[in-house]
Amino acid sequence: MKLAVAAAGISSFALLYAPQPVLPQLAAQFHLDPGSASLAVSVATGALAIAVLPIAALSEILGRRPIIIASVTLSVVLGLVMPLAPSYPVLLVLRALQGVAIAGFPGVASAYLVEQLGKTGVAAAVGAMIAGNTVGGMLGRLSAGFSAGALGWHGALAVVAGVALAFSATTILALPGASRTAPGERSPNVLSGVGMALRRPVLLVQYGVAMLAMGAFVAMYNAAGFRLTGAPLNLSPAVASLVFLAYAVGSVSSSNAGRLVARFGRRRAVLGGLAVMATGILLTLPDSLPLVVAGFVVLTGGFFAAHAVANGWAAAEAPEGARGQASGAYTLAYYLGSSVGGTLGSVVFGHFGWSWLVGVAVLWLGLAGLAVARLTGRARSRAAVPA
C-alpha cells in the first residue's frame, strides 16, 4: 500500500509541476510575460482545486481505490498527448484537463490512508505520502529542466510523461482495494458531509494554512527560473533547475512530521514550519547565489513540514462521516493557493521585482501563522495531542 501511494504521488506531482522549469522557454516561444507563462502551472492547479471536492464526494459513493486508479491513468494519458499541443491555448486546455484528472489522487489519499490504517499514526502515514509527493515534484522538475536544453519544452514534457507512466503502472498493480468501511457505509448524505467539513474552526484553519503557505511556496518557485537565469545570476536552464533538488529536504521534513507532532504538538509544529519558510524566503533577497540556494532549501524544508502536519491534523480532526469531504476541502484550499497565489506572485514579480514578491510571500505566511496562533479552547487543547 505504501509503495502504491508513493508511486501515485510521484506520478501525479511529476506531471502537475513539470512545466515549472520551462516557464522561461514558454515565455520566449510564445512571447509571454512571467505572469502569463505561469498559467501553464496555475491552470492545472486551479482546475484541480475546482474538481477536487466533487471528486472527493464521489469517492464516498464509488470508493477511494477506483478514483485513485482513474486519476493516475487519465493524467498520464493527457501527459503523453501534451507535447503535441500546437499552440499555447491548446496547451492550457490540456493542462486544465490534466488538473481535473490529477485531482482524484490528492483529493482522497488522506481519507484512504485513514481508512486503511486507522487514526493511529496518521501524521506519520500522511508524512510518508507527502514525502513521495516531494520526490515526484523534484523528479518531474529535474527531468524537464535537464531535458529542455536538448529537446525543447515539447521533449521535456514528454520525458516527464514517460517517467510518470512507469510509476502510475506501479500504483495500478500494487494499490490495495479493501478498506475498513464499504463505500455505501461512509456517509448517508454526501452534502451533509461537506457541511461538517466546512463548519469546524480547527479544520478551517488548516485549510487557510494550506492555501496561504502553498501560495507563497509556488509563487517563489514560479519566479525561481526567471531569477536564476536572469541578471545578475545568469545561470543556464539546466543548472538553474538544480534548485529543485531542495525538494529532497522537503521529503525529509515531511516524513518526520509524526516526530515533530509528538515532540511539540500540532500547533507549535505548524507555526515552526511557517517561521522556517519565512526565514528561507528572506534569505533569497540578496543577489548572492549561495544565499538564494540556501533560502530555497530552508523554504522547502519548512513548507513540507508545515503542510504534512496541517494535512494530518485535518485528517485526524475530520468527522467520521466527512473524511473524504474534509480531505477534498483541504486539497481544494491547497491548490487554490497554488493557482491563485502562484499566478499573483508571478504578476507581482513581473511588475515590481523580487523584493516585492518576497514581501508578499512573507505577508501570506504571517496571516497563516496568525490563524493558527488564534486557535483557542478545545481546538488548542486538541492541537497539543500528537497525531
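**Reading helix packing**

Analyst: Helix 5 and helix 6 are roughly antiparallel to each other (an angle over 145 degrees; under 35 is roughly parallel, 65 to 115 roughly perpendicular, the rest oblique). This is a predicted model: local features need pLDDT of at least 70, side-chain atom pairs need 80 or more, and totals for chains, interfaces and linings use all residues. Residues are numbered from 1 along each chain as its sequence is written, and side-chain values use heavy atoms, without hydrogens and water.

User: How is a helix pair described, and what are the values for helix 5 and helix 6?

Analyst: Two packed helices are described by the angle between their axes and the distance between the axes. Axes are lines fitted to C-alpha atoms, for helices over the stretch in contact, with angles from 0 to 180 degrees between N-to-C directions. Helix 5 (residues 64-81) and helix 6 (residues 88-102) pack at about 165 degrees, axes 8 Å apart. Helices here are DSSP runs of H or I, at least four residues, numbered from the N terminus.

User: Is the crossing of helix 5 and helix 6 left-handed or right-handed?

Analyst: Left-handed. That is, the near helix is turned anticlockwise from the far one by less than a right angle; clockwise would be right-handed.

User: Which residues in helix 5 and helix 6 meet?

Analyst: Contact means heavy atoms within 4.5 Å. Ser-71, Leu-74, Ser-75, Leu-78, Gly-79 and Val-81 in helix 5 meet Leu-94, Leu-97, Gln-98, Ala-101 and Ile-102 in helix 6. By class, that contact has 7 nonpolar, 4 polar and no charged residues (Ala, Val, Leu, Ile, Met, Phe, Trp, Tyr, Cys and Pro are nonpolar; Asp, Glu, Lys and Arg charged; the others, Gly among them, polar).

User: At what angle do helix 1 and helix 5 cross?

Analyst: Roughly 35 degrees, with the axes of helix 1 (residues 2-16) and helix 5 coming within 10 Å. Ala-8, Ser-11, Ser-12 and Leu-15 of helix 1 contact Val-72, Ser-75, Val-76 and Gly-79 of helix 5. The classes are 4 nonpolar, 4 polar and no charged.

User: How much of the protein is buried?

Analyst: Buried residues make up 59% of the 387 residues.

Technical notes: Helices (H or I, at least four residues) and strands (E, at least two) are DSSP runs, numbered from the N terminus. Buried means under 20% relative accessible area, exposed over 50%, partly exposed in between (1.4 Å probe, protein chains only).
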